[in-house]
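Keep the sequence and the model in view while reading.

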Amino acid sequence: MRLVKGMLGGVAIMAIGVSAQAETLTEFFQQSKVDGQIRSYYFSRLYGTRAIPNQNAFALGGILNVRTAPFLGGFGLGVSFFTANSLGTHGADLATVDPTLMGLNPSINALGQAYIQFQRPWILARAGDQIINTPWMQAADARMLPATYQGLYLDITPVRNLHFYGVRVFRWKSRTSTNYYKDNLYYQTGYDGDPLYGGLATIPNTEPQANGTLAFGSSYALGGAKVQAWYYDFYRFANMFYSDASYTLKTDSGFSPFIGAQYVREWLGNNAFSQFNAPLLGYNGAVNSTAYGVQVGLNFPGGNLSWAYNAISPHAGAVGDGSIISPYTVGYAFDPLYTTSMTRGLVELGPGDAWKVKATYNAFGKAVLIMAAFARYHTYLHGSGNDTYLDITYFPKGSLKGLSIRDRVEINNGGQYLAPNNRSFVYNRVMLTYQF
């Protein structure tokens, strides 16, 4: 990828000197785009036990994006600068700091994206450091900074609403690190003073690193029907097939019922967990995982209501007793399973089943978005537990347009994932964001 970064400078010079869609240098810069976000977040974690100190963290920062006007028939460049700063609020006792917000360093400053792309109505091809969003490999943008990936991305659209995707990732940058590394969330880390990648890190960072991921996918939408299917080769970790489908019966009344289903299958004999003797959730062996889910719900004026169910089957002799292997979402709780909550899901808890009820409503002329959910888990390795979730976002109008004020709180009871001895765990996130 060093070659790609070197090419960016050369192509930038070409873009300025030869632009097929901007006749003058002034027009070229006028057609280029600059946007971004300013973020101010405060997180607090209450563990409900004296054995673990409560934690909190504050950060101010954001993202600045620069995208050039198209040139040479569809080429373009993009860069993004990421920054997060604690402003001296961490204090002397780092055990009381929530490291998931931005790590323990006082600041993160990184070139989060630097890519060259070619885009026409039927194709998007991009190479370099970039945000990638696929079901099991995505930005997971719920902290100060998103996760980004170093690699190649291709989206071909031969006909309307039909997409074919190809992805090859070589390295990634977690949400709390400044650089790109050839690892994932299953590696223990200490890079850049970053103490935490994910919640289930078992492989020492002294072991040989991962070789990235190869993925292929397709999606299609027709009327109220949507379907997608993906194959992931998480090199040395797992091979995955994933699919989901949904259908919404659109009606003139504004009340539209919907239904969805999803399926996951993973396999790999000789894998990193067994090679490095790093059991997952106490179990080692071949990767062998099977999961499925269903969802039903109703869209109504201003919101929707849904019920969902997921199950992961236990497999004797398998890594994690049959757990889903998800190198870029585990611990982040950002996988596509219907029942995943803000802080955990079956990917983190292991084999078992879960159900979830969720409601969303736009109030006061869409000035306030309210979300509420309740999830119940029954697992083989972590027992039973439940999550209660409330999320309220306010979008001011007028001169403050672009600002959002969001408060998210989740209460976990049981399950022994985030707090021992079946204590309650309370996570509150206050998030102020201004888009410009």
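The sections below cover the model, its paired strands, its nonpolar cores and its cavity.

## The model

This is a predicted model, in which local features need pLDDT of at least 70 and side-chain atom pairs count only at pLDDT 80 or more, while totals for chains, interfaces and linings use all residues. Residues are numbered from 1 along each chain as its sequence is written, and side-chain values use heavy atoms, with hydrogens and water left out.

## Paired strands

Strands are DSSP runs (E, at least two residues), numbered from the N terminus, and two of them pair if DSSP finds at least two bridges between them. Strand S6 (residues 148–159) pairs in the antiparallel sense with S5 (residues 123–130) over 8 bridges. Alanine 125 has leucine 154 in S6 as its bridge partner.

S6 also pairs with S7 (residues 162–173), again antiparallel, over 10 bridges. Here tyrosine 149 stands opposite tryptophan 172 in S7. The hairpin of S6 and S7 has 2 residues between the strands, and asparagine 161 takes a positive phi near 70 degrees there.

## Nonpolar cores

A nonpolar core is a set of buried (under 20% relative accessible area, 1.4 Å probe, protein chains only) Ala, Val, Leu, Ile, Met, Phe, Trp, Tyr and Cys residues joined through side-chain atoms within 4.5 Å. The largest has 70 residues, and Trp136, Phe237, Ile324 and Ile325 have the most contacts inside it. S7 gives the largest share of this core, 4 residues. A second, separate core of 6 residues includes Phe28 and Ala127.

## Cavity

On a 1 Å grid over the protein atoms alone, a cavity is a set of points where a 1.4 Å probe fits but cannot get out; lining residues have an atom within 4 Å of a point. The structure holds 1 cavity of 30 Å³ or more. The largest cavity has about 40 Å³ of space, a volume being the space filled by probe spheres set on the points, which are joined across faces, edges and corners. Its lining includes Met102, Thr176 and Asp192.

How values were computed: 1 Å grid on protein atoms, 1.4 Å probe; cavity = no way out; pocket = protein on both sides within 12 Å on 5 of 7 lines; lining within 4 Å. Buried < 20%, exposed > 50% of the residue type's maximum accessible area, 1.4 Å probe, protein only.
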